[in-house]
There are 2 protein chains.
Amino acid sequence: MSTQSTNESAIPGYAYGAVGHSPVTLDELQALKATVMFGEEDSALLHRAGELLGDQVEEILDVWYGFVAGQPHLVAQFSQPGGGPITEYLQAVRARFGQWIRDTCTRPYDQAWLDYQEEIALRHTPAHKNETDHVHSTPVVPLRYLIGLIVPISTTVRPFLARREEDPAQVDAMLQAWIKAVVLQVALWSRPYAREGQW
Amino acid sequence: MSTQSTNESAIPGYAYGAVGHSPVTLDELQALKATVMFGEEDSALLHRAGELLGDQVEEILDVWYGFVAGQPHLVAQFSQPGGGPITEYLQAVRARFGQWIRDTCTRPYDQAWLDYQEEIALRHTPAHKNETDHVHSTPVVPLRYLIGLIVPISTTVRPFLARREEDPAQVDAMLQAWIKAVVLQVALWSRPYAREGQW
Ligand code: HEM
Ligand code: HEM
């Protein structure tokens with residue numbers, strides 16, 4: 001399938017299927033899916049979205065990276081503290097980010113997926129940030145920006161869907177499924193940020 | 001204006017303008033607004049949304065409360081630990097929740113607003129939860145549900161807007177402004193949940 005066409009093993013630092021076990025249970029995932037109203041039909045809609053977005057991933061990343069580059073408090077998270085952006089860091093993460101779009105659309109949300117969510121979470125926090133790419137950037141992506149980025153990551157996808165699907169109702173449905181998937185993941189990624197017993 | 005028609009001082013526990021100072025600065029708020037792409041036009045769209053939603057607030061609350069009531073892990077936050085829902089708690093919060101819809105649409109996002117955001121945040125955490133209504137419910141609304149609820153709180157508003165506005169493009173624009181406002185607030189509310197230095 002076109003959405004799986006990237007050679008994953010060629011993406012430096014991408015470790016799907018080869019990370020630690022998530023402390024989050026599948027039952028907890030289930031409750032969270034219900035909270036974001038994520039159902040079976042959303043998996044199907046995401047698969048279809050993955051087909052439409054598959055060959056537009058680089059363009060989507062251009063938009064997102066442009067957004068991050070334009071905001072000092074965001075680009076700082078890819079920079080030397082007090083210094084400029086680390087080009088290799090931005091590029092290495094970009095490749096994994098592209099794969100994440102494909103994974104969000106096509107992977108089953110099972111134990112392996114849950115485990116990698118925890119790893120992505122940790123990579124935004126002092127536990128694992130900078131480690132994968134051997135860089136010396138800021139120690140943590142602030143939680144408020146992680147949550148705030150839900151908006152641009154969600155809404156900027158619409159024109160890319162609309163380019164390949166004429167029916168606005170179908171575009172809406174796919175966008176809704178995408179938004180649910182993004183909020184679901186940000187909720188999972190908030191885990192290592194939370195104080196004991198408050199996640 | 002119809003959206004301000006409720007007599008605020010008659011809402012038990014509603015303390016807008018009479019709470020502590022937020023530790024979040026207006027500059028931090030500004031950066032967060034940029035992150036969720038919130039601009040001047042969104043304030044205008046929210047005002048208009050407030051006019052359309054003003055007399056539908058109770059119906060919107062019916063939908064949201066129905067949603068919460070249907071999920072055990074959510075209704076538990078309004079319940080005695082291990083027991084049933086506390087009716088007076090649900091009702092008291094409902095009145096403030098209705099006012100919050102109006103505030104989100106019509107208040108300027110200034111220092112007083114920022115201060116009350118911090119108070120709402122604290123009311124979801126052990127710092128202030130249960131205090132206002134003198135109840136003995138769970139000590140904290142888990143952060144993951146706070147984030148997850150962004151989806152139902154956002155998307156369920158669409159039909160109420162569409163009922164009063166024919167132009168789908170206008171409905172979309174108001175809904176987008178609403179989503180930004182909700183994500184902005186949840187990002188602010190995540191502050192007391194976060195570990196030191198990670199918010
Ligand atoms: C909805 C919000 C976000 C999404 C969906 C997202 C997605 C991702 C993904 C998929 C990765 C790569 C994961 C991997 O290694 O396989 C990543 C890493 C990263 N993200 Fe985010 N991200 C979000 C918010 C943010 C924000 C607000 C920032 C701040 C600029 C940010 C900065 C970074 C950085 C610096 C890395 C590299 C971490 C490392 O050192 O490994 N992210 N993000
Ligand atoms: C987008 C997400 C959410 C929004 C917009 C929201 C909104 C609000 C508002 C406006 C209030 C009243 C604030 C005041 O006292 O003036 C409130 C209180 C409350 N909310 Fe939320 N809420 C959200 C998520 C949740 C979730 C997921 C739960 C879990 C069921 C929850 C449970 C409660 C409870 C129990 C209170 C009363 C707290 C107290 O003891 O004072 N909320 N919420």
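What follows is a short exchange on confidence, the ligand site and salt bridges.

Q: What ipTM and pTM does the predictor give the complex?
A: The predictor gives the complex an ipTM of 0.97 and a pTM of 0.97. This is a predicted model, in which local features need pLDDT of at least 70 and side-chain atom pairs count only at pLDDT 80 or more, while totals for chains, interfaces and linings use all residues, and side-chain values use heavy atoms, with hydrogens and water left out. Residues are numbered from 1 along each chain as its sequence is written, with chains lettered from A and ligands numbered from 1 in the order in which they are written.

Q: Switching to ligand 1, which residues are the closest?
A: The closest are A:Tyr89, A:Arg96, A:Tyr116, A:Arg123 and A:His124, out of 22 residues that surround ligand 1, where a residue counts as near if one of its heavy atoms lies within 4 Å. A polar side-chain atom of A:Arg123 lies 2.5 Å from an oxygen atom of ligand 1, and a polar side-chain atom of A:His124 lies 2.9 Å from a nitrogen atom of the ligand.

Q: Which residues make up the shell, nonpolar, polar or charged?
A: The shell around ligand 1 divides into 16 nonpolar, three polar and three charged residues, with Ala, Val, Leu, Ile, Met, Phe, Trp, Tyr, Cys and Pro counted as nonpolar, Asp, Glu, Lys and Arg as charged, and the others, Gly among them, as polar.

Q: How many salt bridges are there over all chains?
A: A search of the whole structure finds 24, a salt bridge being a side-chain nitrogen of Lys or Arg within 4 Å of a carboxyl oxygen of Asp or Glu. One of them pairs B:Arg144 with A:Glu28, the closest N and O atoms being 3.9 Å apart. B:Arg144 belongs to helix α7 (residues 143–148) of chain B and A:Glu28 to helix α1 (residues 26–35) of chain A, so this pair joins two chains; helices here are DSSP runs (H or I, at least four residues), numbered from the N terminus.

Q: Is that B:Arg144 buried or exposed?
A: B:Arg144 counts as buried, at 10% relative accessibility, whereas A:Glu28 is partly exposed at 26%; buried means under 20% relative accessible area, exposed over 50%, and partly exposed in between (1.4 Å probe, protein chains only).

How values were computed
Polar contact = N/O pair within 3.5 Å; in protein donor to acceptor, adjacent residues only side chain to side chain.
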